[in-house]
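This report concerns local features of one protein model. Please consult the sequence and the structure shown here.

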Amino acid sequence: MQIDRRLIKNFDWVSFSIVLMLSIISIMTIFSTTRAVIPGEETSFYIRQIIWLIIGIAILFLIVSFDYIWLSRYAYPLYIIGILLLISVLIAGKVGMGAKRWLYLGFFSFQPSEFFRIIFVIFIARYFIGISENMGLYSLFSIFIIFVFIPLIMILKQPDLGTALMILIIFLSLSLIKGLQKKVVTFLLIVSIVSIPFIGNIVWDGLKDYQKNRLVAFIDPDIDPAGIGYHINQSKVAIGSGGFAGKGYMQGTQGPFRFLPEKHTDFIFAAFAEEWGFIGCFLLLLLYLAFILRGIDTAIKAKDEFGRLLAVGITFMFTVYIIINIGMTLGLMPVVGIPLPFMSYGGTALLSNFIAAGLLINVRTRRFELFY
């Protein structure tokens with residue numbers, strides 16, 4: 001197999017290095033926060049995360065090895081495959097923690113909605129390059145009903161509120177980037193403001209009890225500190241106890257002694273903050289900021305519109321995930337079950353994030369149109 005030297009020369013080593021550093025920090029944190037303090041406890045989470053990391057790196061290089069333009073040709077079949085996977089979850093999905101989100105294949109299980117968000121970005125980017133003018137209300141509404149509404153309902157049915165919100169945000173953000181008529185933007189703003197009370201009631205009635213409790217705990221964490229407010233209160237305690245310089249690596253107590261639930265998944269930022277403090281969190285956020293700015297720069301320098309929309313969608317997706325996850329651990333946003341990219345434990349989330357990072361790197365690597 002002959003490797004094109006231009007791929008190596010133009011490869012985005014900066015983004016890859018950031019992703020790798022975040023993943024290593026993740027494994028260190030998972031090891032520390034899940035270490036056994038009681039005989040018989042499971043401590044192999046970090047080993048599985050290492051295995052997924054190795055697979056993720058291999059997938060990233062595989063994705064960079066072919067021109068991303070190839071994806072634009074197969075965006076529609078990919079979208080159909082994604083819809084079929086979501087249907088399969090509703091029919092034969094595995095139930096866990098009150099949700100039906102996973103497909104079990106005998107030797108491992110995975111969460112299709114995690115991969116669907118990547119497929120959705122590819123599909124919408126491909127669809128929008130076929131539109132030459134700013135979209136009117138009819139076009140926007142038609143696209144939403146035909147391509148967004150159905151997967152949105154299926155993901156909400158699981159229920160996976162975080163991914164459903166992400167699909168909606170990606171659609172609206174890429175619509176704005178692609179171009180909407182000014183009267184459409186004005187109309188949407190007015191309708192959004194006027195309908196907030198009505199939509200609030202509809203959404204509230206459709207939520208599960210545990211989702212309602214999360215919102216109640218977000219508004220008033222002290223209403224039931226030992227019950228529905230326990231999670232967010234323990235997260236704040238972990239972050240606050242880290243102070244300026246942190247307690248030190250392997251010195252945290254909130255995670256290992258099980259005071260902080262989901263300390264290695266959705267609330268890994270709180271566990272990290274306890275051990276590394278303000279300084280560690282500042283450096284971690286700098287890594288994320290550098291990755292996001294690199295993604296924006298990639299979108300600006302992309303050689304074509306499909307690459308630009310693909311880079312914008314993926315960068316925006318990572319940005320929203322980071323803001324919401326850290327916001328909910330700080331009590332600034334309600335808990336919606338969104339993992340912190342490259343940090344939270346979980347094979348499906350890590351692999352889908354490496355696929356997304358691979359696409360970003362692919363767009364940047366092939367930004368010189370004359371070379372490819």
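The text below treats a set of paired strands and then one glutamate.

The model is predicted: local features need pLDDT of at least 70, side-chain atom pairs count only at pLDDT 80 or more, and totals for chains, interfaces and linings use all residues. Residues are numbered from 1 along each chain as its sequence is written, and side-chain values use heavy atoms, with hydrogens and water left out.

**Strands**

Helices (H or I, at least four residues) and strands (E, at least two) are DSSP runs, numbered from the N terminus; two strands pair if DSSP finds at least two bridges between them. Strand E1 (residues 94-96) runs antiparallel to strand E2 (residues 99-104), with three bridges joining them. Here, Lys94 is placed opposite Trp102 of E2. E2 is also antiparallel to strand E3 (residues 109-110), through two bridges, and Tyr104 stands opposite Ser109 in E3. The E2 and E3 hairpin has four residues between its strands, and Gly106 there adopts a positive phi near 100 degrees.

**Glu274**

Glu274 belongs to helix H12 (residues 268-301). With 1% relative accessibility, Glu274 is buried (under 20% relative accessible area, 1.4 Å probe, protein chains only). Its side chain makes the polar contacts tabulated below (pairs of N or O atoms within 3.5 Å, one able to donate a hydrogen and the other to accept it; residues adjacent in sequence count only if both atoms are side-chain atoms).

Beyond neighbours within four places in sequence, Glu274 is in contact (heavy atoms within 4.5 Å) with residues including Ala238, Ser241, Lys247 and Gly255.

Conventions: Buried < 20%, exposed > 50% of the residue type's maximum accessible area, 1.4 Å probe, protein only.
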